[in-house]
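Visitor: I would like to learn how to read helix faces and charged pairs. Please take me through an example.

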Amino acid sequence: MSPEVSAATSLELERHRPYLLRFALLQLRDRSAAEDAVQEALLAAIQGVERFAGQSSLRTWLVGILKHKIVDGIRKTAREQPGASGPEGEGAENPEAFFADDGHFAEPPAEWASPERALEERRFFEALERCLQSLPRNTASAFTMRELMGLETDEICKELGISTSNCWVMLNRARKSLRACLERTWFLAGSASAG
């Protein structure tokens with residue numbers, strides 16, 4: 001690759017750094033580790049740019065590389081801190097209060113006008129990040145791996161060193177806690193300020 005092409009590619013990839021950093025921060029919850037993962041992902045992208053076939057957007061390709069770097073970081077952390085993934089504590093919220101005896105919502109969730117558009121809004125992303133940070137580390141990691149990174153349950157269990165049933169419990173708790181947090185800090189807060 002010529003120096004001119006390499007410089008142009010580096011600049012194009014660098015434009016995606018802020019998005020990639022936010023994505024990595026949600027998972028790793030450590031700015032230094034997130035910056036390292038993004039740097040490694042961008043370096044891998046520069047080194048492998050000739051393998052980019054254009055079958056997806058450049059950002060999608062970069063996020064795919066970043067996902068692998070994040071998983072590598074989680075593995076490294078797990079190796080360095082054996083036994084650190086002890087039992088997850090209950091959150092301040094009582095997640096069971098949201099459900100009736102038949103398993104349906106006791107009170108339907110507040111109207112979410114357009115989840116796709118809301119997710120793209122920077123403030124929503126920041127609110128989601130704050131809510132994820134309030135969760136126990138493994139619970140937030142399990143949720144992010146499943147819902148944002150699209151990993152399967154067996155992959156999550158392997159990365160976090162947990163059982164399948166523990167993973168499902170953690171995902172259930174994460175969803176309930178995130179719902180409560182987002183209702184309180186985003187959806188109801190937004191409708192109160194609009195009125």
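Guide: R17 and E14 form a salt bridge, with 2.4 Å between the closest N and O atoms. Note that this is a predicted model.

Visitor: How exposed are R17 and E14?

Guide: R17 is partly exposed at 22% relative accessible area. E14 is also partly exposed, at 37%.

Visitor: How many salt bridges does the rule give?

Guide: Side chains of opposite charge can pair when their charged atoms come close. Here the count is five. Among them, R15 meets E12 at 3.0 Å, N to O. R15 is exposed, with 56% relative accessibility, while E12 is partly exposed at 33%.

Visitor: Which parts does the pair R175 and E147 tie together?

Guide: The closest N and O atoms of R175 and E147 are 2.6 Å apart, a salt bridge. R175 sits in helix α9 (residues 164–194) and E147 in helix α7 (residues 137–148), so the bridge ties together parts 28 residues apart in sequence. Both ends are partly exposed: R175 at 34%, E147 at 39%.

Visitor: Now helix faces. Which residues of α8 are buried?

Guide: An α-helix has 3.6 residues a turn, so residues three or four places apart point the same way. In α8 (residues 153–160), the buried residues are T153, I156, C157, E159 and L160. Their arc around the axis is only 165 degrees, which puts them on the same side of α8.

Visitor: What does the face turned away from the buried side carry?

Guide: That face of α8 carries D154 and K158, both exposed. Just after α8 comes G161, with a positive phi of about 65 degrees.

Methods:
Residues are numbered from 1 along each chain as its sequence is written. This is a predicted model: local features need pLDDT of at least 70, side-chain atom pairs count only at pLDDT 80 or more; totals for chains, interfaces and linings use all residues. Side-chain values use heavy atoms; hydrogens and water are left out. Buried means under 20% relative accessible area, exposed over 50%, partly exposed in between (1.4 Å probe, protein chains only). Helices (H or I, at least four residues) and strands (E, at least two) are DSSP runs, numbered from the N terminus. The arc is that of the directions from the helix axis to the C-beta atoms. A salt bridge is a side-chain nitrogen of Lys or Arg within 4 Å of a carboxyl oxygen of Asp or Glu.
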